Amino acid sequence: MAPAEQPAKRKPQKKAAWVMRSAAQQLAQLLGRPPESVSAIKPTEDGWEVDVEVLELERIPETTSVMASYRVTLDKEGDLVAYERKRRYTRGQIDRRP
């Protein structure tokens, strides 16, 4: 009798919620500003891409404050390997659809 074939064991991936927190915390350490929110998360072959929204310039009224969206790249272990600012906008700005 042949032994039953076992499915290949997958290396456990980090959970999305953990990745979101990790990206936000590491970016905050580099920028010296706390993140407002995480707007996107996507697994990649090498790890994760996470979009983090950050308050860059606080103004009154709040709707005129300047926000920025950063793309954070994490490796499979959750360590930040790159980041870049993708866009700046006012808090009250609404994107128009093409």
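A charge is taken to sit over a ring if NZ of Lys or CZ of Arg is within 6 Å of the ring centre and within 35 degrees of the ring normal. In this predicted model, the charged end of Arg87 meets that description over the ring of Tyr89, at 4.1 Å from the ring's centre.

**Overall make-up**
- Of the 98 residues in the protein, 29% are buried, while the protein as a whole exposes about 7,600 Å², with carbon and sulfur atoms supplying 50% of that area.
- Among the contacts with a separation of 6 or more, 37% are accounted for by residues 24 or more positions apart.

**Helix H1 and its cover**
- Helix H1 takes in residues 16–31, a run of 16 residues, and its span of 22 Å from first C-alpha to last is close to the 22 Å expected at 1.5 Å a residue.
- The buried residues of H1 are Val19, Ser22, Ala23, Ala24, Gln26, Leu27, Ala28 and Leu31, and what covers them includes strand E1 (35–43), strand E2 (47–57), E3 and E4.
- In an α-helix there are 3.6 residues a turn, so residues three or four places apart point the same way.
- Just after H1, Gly32 adopts a positive phi of about 75°.

**The aromatic pair**
- The count of aromatic pairs comes to one, formed by Tyr70 and Tyr83 in a tilted arrangement, with 6.0 Å from centre to centre and 50° between the planes.
- This pair links distant parts of the chain, since Tyr70 belongs to strand E3 and Tyr83 to strand E4 (residues 80–90), with the two 13 residues apart.

**Asp75 and its surroundings**
- Asp75 is found in strand E3, which covers residues 66–75.
- A polar atom of the Asp75 side chain lies 3.0 Å from the backbone nitrogen of Glu77, and the side chain of Asp75 also reaches the backbone nitrogen of Asp79, at 2.8 Å.
- Leaving aside residues up to four places away in sequence, Asp75 touches Asp46, Gly47, Trp48 and Val81.

Note on methods: Residues numbered from 1 in each chain as written. Predicted model: local features only at pLDDT ≥ 70, side-chain atom pairs only at ≥ 80, totals over all residues. Heavy atoms only, no water. Helix = DSSP H or I, 4+ residues; strand = E, 2+ residues; numbered from the N terminus. Polar contact = N/O pair within 3.5 Å; in protein donor to acceptor, adjacent residues only side chain to side chain. Contact = heavy atoms within 4.5 Å. Buried < 20%, exposed > 50% of the residue type's maximum accessible area, 1.4 Å probe, protein only. Areas by Shrake-Rupley, 256 points an atom, 1.4 Å probe, with all protein chains shown as cover. Phe/Tyr/Trp six-rings, centres within 6.5 Å; stacked < 30°, edge-to-face > 60°. Expected span 1.5 Å × (residues − 1).
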